[in-house]
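We will go from one element to the next.

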Amino acid sequence: MKNLTPNGKKILNYYSKSVLKSRIKEEEYDAIIRESLQGLFDISLKMVDLHQDDCISTSVMIMGPPNFKRLNGLEFNIKKGKDNLLRFFPLGVTIYNFTDHSLVAYQCMFDPTTNNALNEGTFEYFYNDIVSFETITESGSLVDNDWKDKIIKKIPILKSVVNTGKIIQYDNTQKFVLTTKGGTRLPVTLTEGVLKEATDGGVFSLSEAHKSISIVRRIVRDKKSYTHE
């Protein structure tokens, strides 16, 4: 049994299908998630021995689906709310910190029921080495024995879209991708097409992600322009 936060049981009950469970409304759920994510900003700095005073701007967070390749047996929950928006955990979280010379990114899978950051990683890129930011949309298919197929079979709400031996098409998987001169890529998943299919057309909330992407683009563009003057 994992160690739940005071709000962890509320989060789990939100996903429960039991009629005996008391469920919080979407607005309260969203507020709990926003609050629980705040501690990651300090973690993203401590992981690379930075302090907020070392940064030239407020840190920027993008939240989306987790990296399914690295789920490694973690419990995954997803639900389409009354507002048609998809809510899920663990969350794929990327935080960008900006120093005078480089962008320092932190990524993790975050479990809001325990406030544990899992599968953490940090990445540093000098501004002049960054050649592009792209928002791309991918389409594809799942076939039996594919890594996604194996993961999806372990997630009850997704089993309905998996038929052994049948090719399953999925569309509109969106990613925000940083690319460097050396060809290094840092992708951030914004939406996952398979999850939309599994929840009968649920949609991802992207307004905050798009605002964050605009801020990241602007800061890096301004720093690159400044260093070339």
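Predicted model: local features only at pLDDT ≥ 70, side-chain atom pairs only at ≥ 80, totals over all residues.

Residues are numbered from 1 along each chain as its sequence is written, and side-chain values use heavy atoms, leaving out hydrogens and water.

Select helix H2, residues 26-37 (helices, H or I of at least four residues, and strands, E of at least two, are DSSP runs numbered from the N terminus). Glu-26, Tyr-29, Ile-32, Ile-33, Ser-36 and Leu-37 are buried here, while Glu-27, Arg-34 and Glu-35 on the other side are exposed (buried is under 20% relative accessible area, exposed over 50%, partly exposed in between, with a 1.4 Å probe and protein chains only).

Next, show the open sheet of 4 strands, ordered S1-S4-S5-S6 with antiparallel pairing (two strands pair if DSSP finds at least two bridges between them). S1 and S6 (116-126) stand at the edges with a single partner strand each, so one side of each has no neighbour in the sheet. Zoom in on S5 and S6, which pair over 9 bridges; Leu-103 has Tyr-125 in S6 as its bridge partner.

Finally, pick Phe-98: among the residues that Phe-98 touches are Cys-55, Leu-103, Tyr-127 and Val-216, with residues up to four places away in sequence not counted.

Technical notes:
Contact = heavy atoms within 4.5 Å. Expected span 1.5 Å × (residues − 1).
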